[in-house]
Amino acid sequence: MDNETRAIMHGLNPFAPGAGRPPKDLAGREHELEIMDRIISRTKAGYTSRGLVYSGLRGMGKTVLLLRMRDMVINRGLLAIRMEATTDSGHDYAAIFEGISKAVLKQRDEGLRDRLLAVLRHIDSISANIGIIQATLKPGAEDETPSSDSFRLEMMVEELCTELKHDGSGLFLFIDEFQEMPAELMGTIIGLQHAMGQDGLPFYVIAAGLPNLPGVLTKSRSYAERLFEYRKIGRLPENETRDCYVKTISRVSRFEDAALDRLVELSQGYPYFIQAYGSAAFEAADSSPIPRSAVGAGEPVARAALDNGLYESRWQRARPSEREYMRAMASVGKDTCSSAEVAEKLHRPVPEVARARKGIIEAGLAYSPERGFIAFTVPGMADYIRRTGPLSEQTYDESEP
Ligand SMILES: Nc1ncnc2c1ncn2[C@@H]1O[C@H](COP(=O)(O)OP(=O)(O)O)[C@@H](O)[C@H]1O
Ligand SMILES: [Mg+2]
């Protein structure tokens, strides 16, 4: 290939490795998009549906799926808000209120927009009094006591949705990393989904998070089990993975069969890997169709990019005791290991290492698939630890007491 062709080809790398980067071909999620399409159509026809909760490991494509669904909602003229939950409820409330205002302002139908703006003004005018009313109604300030913010949110959603229903529209709240959200706000949102459903009003929570998310929701409100359709987002089957490579590359080049076979094998259907190995092979290619040798040349580059983007920073965020715990998990050599097995590797009784276990779960590095068991939230983390043997003691973080 001459230099010019190479330059053009490299400028056109169609792969998109990286958290939240929309892929050129969103493979294997047709069914999810159909579900969303059905909810939108039902909303327009005046019917309500359950909300949706997606759970899965990091890098499986939850964020990009939510982004695509948000676009579907907006393209069909309904209201969508998207937020990433944090552990700070002040931040999360602000994100929701701001998102609602923006969604209302963007509403294309002028008549409806004016009615929605009137609702927002009305809520604003009474907001000052909400705190006072609240204090009279529900004295005591415990952790889970609804705040004046929650009261304001409830009134706002109810009034907006009443207007939206008249016009066959609806309000969709997309929440990424939902498991992070503080309990009070999470409870408020689940309660809202429940109340709106009972009143036949078009409000939908479409959420995504780690595999522990369904459990967190049920713990927050037991009826959460019935409110949502729970769906798992996992690896793509082999044929979908192959298809994804073929479609992604099709506008700029193609892979030789042996190259394709190797990419399918390397990526194991894990969406983040699909993009990383594809991207590196593309960059390493100097002929089209892309040969098997380019995949081989790209492999170490892709692995370094994955170490860098997925694993290293997570390892560095952990304290030395937590790193020891993760190293022990990796040495057990199974996807899911029992707390007892890990403690045994550490030559310590289970309660003595419970704090490190709790630490890595709270940091989102691991989760508990069932009582007494633990697993990494990022596929390949155990392999990274075994392969590179990162240091436990090196301090990246001064907060170790
Ligand atoms: N269905 C898919 N097909 C192809 N690539 C995907 C798919 N879903 C996600 N990806 C890619 O995987 C990577 C991780 O996606 P992301 O949505 O951030 O995952 P998660 O939110 O589950 O951690 C991104 O590079 C994205 O382009
Ligand atoms: Mg994500």
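**Close-up views of a predicted model**

**View 1. A bridge joins two strands.** In β8, F376 is the bridge partner of A366. Strands here are DSSP E runs of at least two residues, and helices are H or I runs of at least four, numbered from the N terminus. Helix α14 (residues 320-332) packs on the sheet and touches β6, β7 and β8. Contact means heavy atoms within 4.5 Å. The direction of α14 makes about 95 degrees with that of β8. Axes are lines fitted to C-alpha atoms, for helices over the stretch in contact, and angles run from 0 to 180 degrees between N-to-C directions.

This is a predicted model: local features need pLDDT of at least 70, and side-chain atom pairs count only at pLDDT 80 or more, while totals for chains, interfaces and linings use all residues. Residues are numbered from 1 along each chain as its sequence is written, chains are lettered from A and ligands numbered from 1 in the order in which they are written, and side-chain values use heavy atoms, leaving out hydrogens and water.

**View 2. Three strands form an open sheet.** The order is β6-β8-β7, with antiparallel pairing. The edge strands, β6 (336-338) and β7 (366-367), each pair on one side only. Pairing requires at least two DSSP bridges between two strands.

**View 3. A cis peptide bond sits in a loop.** The bond from S288 to P289 is cis, with omega near 0 degrees. P289 is in the loop between α12 (271-284) and α13 (292-317).

**View 4. H347 has a positive phi.** Its phi is about 55 degrees, although H347 is not a glycine. H347 lies in the loop between α15 (339-345) and α16 (354-362). H347 counts as exposed because its relative accessibility is 71%. Exposed means over 50% relative accessible area, buried under 20%, and partly exposed in between (1.4 Å probe, protein chains only).
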